[in-house]
Amino acid sequence: MSGGRTLSWDWYPGEIPENVIVDETAYVETTFSFHLYRSRAPQGIVMGRGASAYLGTMFDVGPNGRVSLGAYALVHGARIICDREIVIGDFALISWNVVLMDSHRLSFDRERRREELRRVARTDGRRLEGGGECRPVRIGRNVWIGFDVCVLPGVTIGEGAVVGARSVVTEDVRPFTVVAGNPAHFVRELDSTTSHE
Amino acid sequence: MSDANHPVSGGRWLDGELPANVSVGDGSILTADYAFKRFRSRAGRALVIGGHCTMDGVHFALGEKGTVRIGDHCYFTNAVLLCERELVIGDYVVIGWNTTIADTDFHPLAPAERIADAVACSPLGKGRPRPGIECRPVVIEDDVWIGPNATILKGVRIGTGAFIEAGALVTRDVPARARVLGNPAVVVGEMP
């Protein structure tokens, strides 16, 4: 893929970066979503069959970050803060203003944080480059995440789970359960039958 | 934009001319064309930003009497600063994406006063005085780190080195070096 891929319907004069793999059946609303993208991984983002990323989705992916969206995954305006790995499963539905983060991007040690803030102020791009521990985030197949939710580093959300609007998910969520609240807590079980045929 | 190590000198707003009552220290940059869309302060030195700060997409929504002080080496991403009176932020403060800080509730609590306020704020309320509205300064001390999607409400003082987790809603003072989480935010641990 060279020569730059643009989108005929795009309002933003950008391109899809070379190491972003978009299935021919997947949809990207605007290349503004890659405004903060700086991954140098061979495949920084992989969008599967029928996956979509709508307006407001921001792939804030650091140099070593890798993000994957499974088949039919629908991301409707999430901030994906990824310095290592964020996996979004097939059929996942992710609402607006959601934050998925695999790193806090800075050290919890005050002196190291200060050092990074002094460094970043000397750069033109002003992008924080780590110092923070990375712990992958995994959003399972068929998960539904409501608006304004934050998913913190290291969290795995099991298959079929639902996260209520405005929740902050601090620990793993069991498959086929509903969680809600800040911090998020178990609300109830869901039917784990996933076949709809 | 590149990550080249070019020193930046002289504070500036990349998307326009700074208002006259705003001062920005050396090596600090502000971005976003909307940064001052809601800036109405007539205070002499309404907004003072120190040196070597990054104010990326920050909304400076200051009321007529609002004053905001921000120290050196701060890093804010798409924060919304709503200030009717006073907001004081120290050095090395980090504020994550889509965090809101407000030193006022914007409207009175008492129902009758709120009706008067609704009328005064309406297109028919031209010139009608608004009832008194509670404002209490917000103070954020040095080395505080606030995660994305957090909310800090009026009158709160956040002690030096505290960490506010993503999505937390802070309604009370936070002790120095505490880690807080939740709605309402509670202390869940300590910073190293």
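Here are legends for several close-up views of a predicted model.

Before you start: residues are counted from 1 along each chain as its sequence is written, while chains are lettered from A and ligands numbered from 1 in the order in which they are written. Since the model is predicted, local features need pLDDT of at least 70 and side-chain atom pairs count only at pLDDT 80 or more, whereas totals for chains, interfaces and linings use all residues.

**View 1. Chain B as a whole.**
Chain B has 1 helix and 20 strands; helices (H or I, at least four residues) and strands (E, at least two) are DSSP runs, numbered from the N terminus. Its radius of gyration is 17 Å, close to the 16 Å from the globule rule for 192 residues, so chain B is as compact as a globular protein of that length. That radius is taken over C-alpha atoms, and the rule is 2.2 Å times the number of residues to the power 0.38. The C-alpha trace of chain B spans about 55 × 45 × 25 Å along its principal axes. Of the 192 residues, 45% count as buried, meaning that 20 or more other C-beta atoms (placed from the backbone) lie within 10 Å of a residue's own; 12 or fewer makes it exposed, and in between is partly exposed.

**View 2. Strand β10 of chain B and its neighbours.**
Take a walk along β10(B), residues 86-89, and the side chains alternate. Strand β7(B), residues 67-70, runs parallel to β10(B) and is joined to it by 4 bridges; two strands pair if DSSP finds at least two bridges between them. β13(B), residues 138-140, is also parallel to β10(B), with 3 bridges. V88(B) stands opposite R69(B) and has V139(B) as its bridge partner in β13(B).

**View 3. Where chain A meets chain B.**
Here 32 residues of chain B are in contact with 28 residues of chain A; contact means C-beta atoms, placed from the backbone, within 7 Å. The chain B side divides into 15 nonpolar, 14 polar and 3 charged residues. Nonpolar covers Ala, Val, Leu, Ile, Met, Phe, Trp, Tyr, Cys and Pro, charged covers Asp, Glu, Lys and Arg, and the others, Gly among them, are polar. Now look at helix α1(A), residues 110-120: R113(A), E116(A) and L117(A) are buried. They cover an arc of only 100° around the axis, so they sit on the same side of α1(A); the arc is that of the directions from the helix axis to the C-beta atoms. The buried residues of α1(A) pack against β8 (75-77) and β14 (145-146) of chain B.

**View 4. The five-strand sheet of chain A.**
This open sheet has 5 strands in the order β5-β8-β11-β14-β17, with parallel pairing. At the edges are β5 (58-61) and β17 (168-169), each pairing on one side only. Inside β14(A), C150(A) is the bridge partner of V99(A).

Another open sheet has 8 strands, β2-β4-β7-β10-β13-β16-β18-β19, and its pairing is mixed. β16(A) and β18(A) run parallel, joined by 2 bridges, whereas β18(A) and β19(A) run antiparallel, joined by 4 bridges. A180(A) stands opposite H185(A) in β19(A). In the hairpin of β18(A) and β19(A), with 4 residues between the strands, G181(A) takes a positive phi near 110°.

Conventions: Contact = placed C-beta atoms within 7 Å.
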